Amino acid sequence: MSISRRTVLRSALASGAALGTTSTATAPAVAGTAAASPAGDVVGKVTVGYQGWFACIGDGAPINSWWHYSRDASRPPSPDNTTLVSWPDMREFSRGYASAYPSLGDGRPATLFSSWDQQTVDTHFRWMREHGCDTAALQRFNPFGAEGPTRDGMAQKVRQAAEEYGRKFYIMYDVTGWTSMQSQIKDDWTSKMKAHTASGAYARQNGRPVVCVWGFGFSDPGRPFEPGPCKDVVDWFKAQGCYVIGGVPTHWRTGTDDSRPGFLDVYHSFDMISPWMVGRIGDVAGADRFLQDLNRPDLADCAAHGIDYQPCVIPGDLQSGHRAHGDLMWRQFYNLTGIGVQGFYISMFDEFNEGNQIAKTAETGADVPAGSGIRALDEDGTACSSDYYLRLTADGGRMLKGQLALTPVRPTQPRLSPTPPPTGDLALRRPATSSGFTQTYGPGNAVDGDSATYWESTNNAFPQWIQVDLGSGRPVRRLVLSLPPNPAWGARTQTFAISGSTDGTNFSALAPSAGRVFDPATGNSVTLTLPSAVTARYVRVQFTANTGWPAGQLSGLSVYATS
């Protein structure tokens with residue numbers, strides 16, 4: 001398992017000594033510093049760090065382990081065998097893997113996603129598109145070992161999702177623990193990763209493919225490289241025609257604290273500098289000190305050397321109570337936009353190991369494993385929706401791009417006002433599957449809106465089922481099941497039960513098994529109204545008998561949120 005950045009850097013700085021004692025709440029004046037480069041796929045954009053490093057036994061990933069979920073990756077994560085400090089909101093993933101944690105506070109099973117599932121990556125990139133995250137920096141640790149095949153596969157999955165959802169992506173090498181980095185990073189780029197630059201979704205800046213190298217110059221044992229080999233790698237990538245970003249220490253400019261001395265020539269050889277700062281601040285006052293002591297002089301140094309500047313923005317460590325329901329993150333957006341930075345690097349999108357994720361996260365104690373001690377987004381008493389930090393990032397990006405006026409007042413509400421339930425047939429033309437079907441009478445016929453077409457299951461093989469995917473967790477209150485209204489369809493009784501699921505694996509009963517009459521004289525339909533709305537993404541109807549034909553039959557399967 002790769003060493004996390006925080007593991008290595010945790011003791012590198014003491015925040016008071018690192019940032020000085022200056023603090024200010026004064027609004028920054030909008031700087032006139034011009035970017036070294038015009039707007040592109042990273043300049044003027046919101047980039048998110050994307051780990052894509054979670055796997056589960058049984059997901060098909062080559063690594064075949066609970067990768068980055070468990071300390072002992074051969075066993076599922078549990079309270080005494082975990083690397084998690086935050087819990088994801090699982091409601092939009094089609095597949096979940098059972099952990100060894102207790103059930104969630106509301107009784108649901110404690111399941112986790114796998115980054116290896118394409119639907120997981122697709123969901124993440126859909127969230128990026130919906131919330132103004134322009135570019136994803138795919139983290140790539142040393143691939144010359146057991147993790148290599150899985151990391152290679154993740155690069156392809158990220159490429160596919162970026163192409164599908166209109167996002168950009170680039171490779172971000174992390175050299176932590178990579179002893180043969182100088183030669184192997186070149187080999188990996190030439191033989192594997194460079195091929196992804198052929199994609200229209202691969203990020204380009206100034207017409208050149210973007211690559212980032214994170215870790216040069218850090219003063220810790222995980223990155224013992226001397227300046228010469230590091231400068232050689234940067235120069236080599238630039239000779240390959242790349243725009244090269246440096247993920248550098250916080251104190252890169254002075255060569256102190258977390259930075260080794262003698263690296264300034266290496267740092268100044270990058271096209272863009274992105275100093276690390278996770279773990280450096282934990283409140284708004286810290287963000288203001290960071291602005292005065294580091295961001296302002298860093299930006300001035302970059303401008304003087306024709307280098308673009310991409311500072312980190314963090315939501316804050318949720319488990320440590322740093323977030324202040326979004327105030328810490330917004331202060332950074334405000335401060336950095338005010339001095340005219342060239343882009344944001346959000347640390348991180350899916351970093352559930354450090355609690356700095358902006359991806360959808362458990363909202364309340366009902367959404368985390370009972371008794372686990374894992375904090376939900378309402379940890380400070382303010383209710384927040386699971387997508388709050390995605391929405392906050394969207395507004396920060398709008399301010400960066402001049403679409404929202406510079407303001408120290410956070411415009412993003414932790415929870416949106418309640419919206420009325422959706423109207424119309426939630427199942428109409430949604431993907432449908434079944435246990436089987438006869439001839440051309442496939443499951444799609446039941447959700448196509450045409451009463452003359454129908455699904456017919458495999459004959460003489462009860463039980464049989466049909467299932468519709470509503471796309472995300474939706475309120476289910478009423479279901480209408482129908483057969484063709486043609487009088488030639490004689491009355492019949494079909495025995496079926498209805499169940500629902502949020503993950504496609506764990507189903508609960510919505511309506512018990514019973515014989516229900518379909519009669520052309522009364523419209524040949526059956527309506528079932530639930531006592532109250534139940535959230536489900538997948539709705540399944542399971543048939544066990546039919547007096548009119550030895551199969552399950554439906555021409556319509558409609559799902560509604562209201563009674």
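Asp, Glu, Lys and Arg count as charged here, while Gly is among the residues that count as polar. With that sorting, the lining of the largest pocket in this predicted model splits into ten charged, seven polar and six nonpolar residues. The pocket itself holds about 820 Å³ of space. Its lining takes in 23 residues, and those closest to the centre are Arg-91, Glu-363, Asp-387, Thr-419 and Gly-473.

Strands E16 (492-501), E17 (508-518) and E18 (525-546) each give two or more of them. This lining divides into nine nonpolar, nine polar and seven charged residues.

On to the charged pairs: the count comes to 28 salt bridges. In one of them, Asp-134 meets Lys-401 at 2.9 Å, N to O. Asp-134 sits in the loop between H3 and strand E4, and Lys-401 in the loop between H10 and E13, so this pair ties together parts 267 residues apart in sequence. Asp-134 is buried, at 14% relative accessible area, whereas Lys-401 is partly exposed, at 32%.

Another bridge joins Arg-537 to Asp-469 at 2.8 Å. Arg-537 belongs to E18 and Asp-469 to E15, so parts 68 residues apart in sequence are tied together. Arg-537 is buried at 7%, and Asp-469 counts as buried at 15%. Finally, shared partners link Asp-89, Arg-91, Glu-363 and Arg-415 into one salt-bridge network.

Technical notes. Residues numbered from 1 in each chain as written. Predicted model: local features only at pLDDT ≥ 70, side-chain atom pairs only at ≥ 80, totals over all residues. Heavy atoms only, no water. 1 Å grid on protein atoms, 1.4 Å probe; cavity = no way out; pocket = protein on both sides within 12 Å on 5 of 7 lines; lining within 4 Å. Points joined across faces, edges and corners; volume = space filled by probe spheres on them. Helix = DSSP H or I, 4+ residues; strand = E, 2+ residues; numbered from the N terminus. Salt bridge = Lys/Arg side-chain N within 4 Å of Asp/Glu carboxyl O. Buried < 20%, exposed > 50% of the residue type's maximum accessible area, 1.4 Å probe, protein only.
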